[in-house]
Amino acid sequence: LQISEPNEFDIMLVMPVARLQLDECDDTGAYYYLTFKRNPKEKYLLKFLDEDGKLSALKMLQALREIIKQEVKNIKNAEVTVKRKKAGSPAITLQIKNPPAEISVDIILTLEVQQSWPPSTQDGLKIEQWLGRKVRGEFRNKSLYLVAKQNKKEKVLRGNTWRLSFSHIEKAMLNNHGSSKTCCESDGPKCCRKGCLKLLKYLLEQLKMKYTKDLEKFCSYHVKTVFFHSCVMWPNDTDWHLGDLEHCFQRSLGYFLDCLQKSHLPHFFIPQYNLLSLEDKASTDFLSRQINYQLNNRYPIFQK
């Protein structure tokens with residue numbers, strides 16, 4: 001779904017872990033402290049526990065960064081560097097300088113846990129009308145992913161929080177996005193869902209380039225969430241005819257504006273988690289004004 005240049009890639013480095021105890025560390029239902037219920041099979045992980053016995057994302061990321069730095073030295077046929085650490089980011093970023101273009105690769109440390117999803121996800125993933133009850137059940141039986149992400153709300157930043165990640169489910173939903181199982185398959189009818197998501201992402205991307213400081217709180221995950229909610233609100237393939245892209249885009253954008261106005265965009269998998277916090281009201285209002293301007297003037301930002 002990269003829109004402008006295919007120069008950014010995300011790679012999840014998935015580490016399977018047998019069982020973990022998850023303790024919520026705030027009221028979002030997205031961030032957790034991880035401890036081992038009993039002596040883990042993965043003895044090598046014990047050295048990453050902090051003094052309270054919690055699995056330290058910070059320690060694991062530091063160790064991974066060191067391994068990657070060493071490995072990068074062995075790459076002979078391309079100029080690869082490890083970018084400086086960004087505070088609070090779960091990614092280790094590689095810059096690869098090589099014609100025809102420079103690319104950056106984010107490596108994201110992810111734990112894969114074979115256990116049921118926590119209670120905060122119970123009422124999320126409302127896809128019954130769109131993809132069906134059976135598909136929802138299959139998704140919820142998949143493993144749980146946790147990424148090494150610092151929770152900024154903590155009074156003391158110790159680097160021992162992990163955030164739930166559903167990128168494997170999101171990918172599956174995008175790949176099989178139709179209420180009829182043949183949507184966008186080689187001989188099936190085509191729809192404009194992906195086109196709509198690309199336009200939403202492109203609009204935010206362009207606005208962020210123009211107003212970097214004002215819109216730093218926003219990222220493509222906001223529009224991805226808006227898109228999934230749109231798919232649930234308009235669940236049928238007939239709601240997304242290929243020729244209706246403009247109409248569908250305007251419709252999703254209308255929903256996004258509504259969320260911005262209320263400062264409320266629920267996480268698609270964790271409904272209690274609001275992705276638009278009230279303390280960011282100024283930037284939320286700013287984005288709302290910019291989108292309205294684009295909407296009322298036939299998107300001058302797309303004309304460039």
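**Exercise 1. Helices α4 and α6**

α4 passes α6 in a right-handed crossing (right-handed: the near helix is turned clockwise from the far one by less than a right angle; left-handed: anticlockwise). Before you dig in: this is a predicted model, where local features need pLDDT of at least 70 and side-chain atom pairs count only at pLDDT 80 or more, while totals for chains, interfaces and linings use all residues. Residues are numbered from 1 along each chain as its sequence is written, and side-chain values use heavy atoms, with hydrogens and water left out.

Task: describe how α4 and α6 pack, and list the residues that make the contact.

*Solution.*
- Step 1: get the geometry. The axes of α4 and α6 lie 9 Å apart, at an angle of about 55 degrees. Axes here are lines fitted to C-alpha atoms, for helices over the stretch in contact, with angles from 0 to 180 degrees between N-to-C directions. Helices are DSSP runs of H or I with at least four residues, strands are E runs of at least two, and both are numbered from the N terminus.
- Step 2: name the arrangement. α4 and α6 are therefore oblique (under 35 degrees is roughly parallel, over 145 roughly antiparallel, 65 to 115 roughly perpendicular, and the rest oblique).
- Step 3: list the residues. α4 brings Gly195, Cys196, Leu199, Leu200 and Leu203, and α6 brings Leu245, Cys248, Phe249, Ser252 and Leu253; contact means heavy atoms within 4.5 Å.
- Step 4: sort them. You get eight nonpolar, two polar and no charged residues. Nonpolar covers Ala, Val, Leu, Ile, Met, Phe, Trp, Tyr, Cys and Pro; charged covers Asp, Glu, Lys and Arg; the others, Gly among them, are polar.

**Exercise 2. Bring in α5**

Task: work out how α5 is oriented to α4 and to α6.

*Solution.*
- Step 1: start with α4. Helix α4 (residues 193–210) and helix α5 (residues 220–233) have axes that come within 9 Å and cross at roughly 150 degrees. That is why α4 and α5 are roughly antiparallel to each other.
- Step 2: find who touches whom. Arg193, Leu197, Leu200, Lys201 and Leu204 of α4 meet Ser220, Val223, Lys224, Phe227 and Cys231 of α5. By class, the contact of α4 with α5 has six nonpolar, one polar and three charged residues.
- Step 3: turn to α6 (residues 245–262). Its axis and that of α5 come within 10 Å and cross at roughly 115 degrees, which makes α5 roughly perpendicular to α6.
- Step 4: check that contact. Val223, Val226, His229, Ser230 and Met233 in α5 meet Ser252, Tyr255 and Phe256 in α6. The contact of α5 with α6 splits into five nonpolar, three polar and no charged residues.

**Exercise 3. The annotated stretch**

Task: find which feature UniProt places at residues 192–292, and how much of that stretch is helix.

*Solution.*
- Step 1: check the record. UniProt, in an unreviewed entry, gives "domain: Mab-21-like HhH/H2TH-like" at residues 192–292. Positions follow the numbering used here, feature names are shortened, and annotations may be inferred rather than shown by experiment.
- Step 2: look at the model. Over residues 192–292 the chain is 61% helix and 0% strand, with the end C-alpha atoms 23 Å apart.

**Exercise 4. Follow the strands**

Task: trace the pairing from β2 through β3 and β8 to β7.

*Solution.*
- Step 1: β2 (residues 21–24) runs antiparallel to β3 (residues 31–35), joined by four bridges; strands pair if DSSP finds at least two bridges between them. Gln21 stands opposite Thr35.
- Step 2: look at the turn. Six residues lie between β2 and β3 in this hairpin, where Gly29 takes a positive phi near 80 degrees.
- Step 3: β3 pairs with β8 (residues 162–165) in the antiparallel sense over two bridges, and Tyr31 has Arg163 as its bridge partner.
- Step 4: β7 (residues 144–147) and β8 run antiparallel, joined by three bridges, with Leu146 opposite Leu164.
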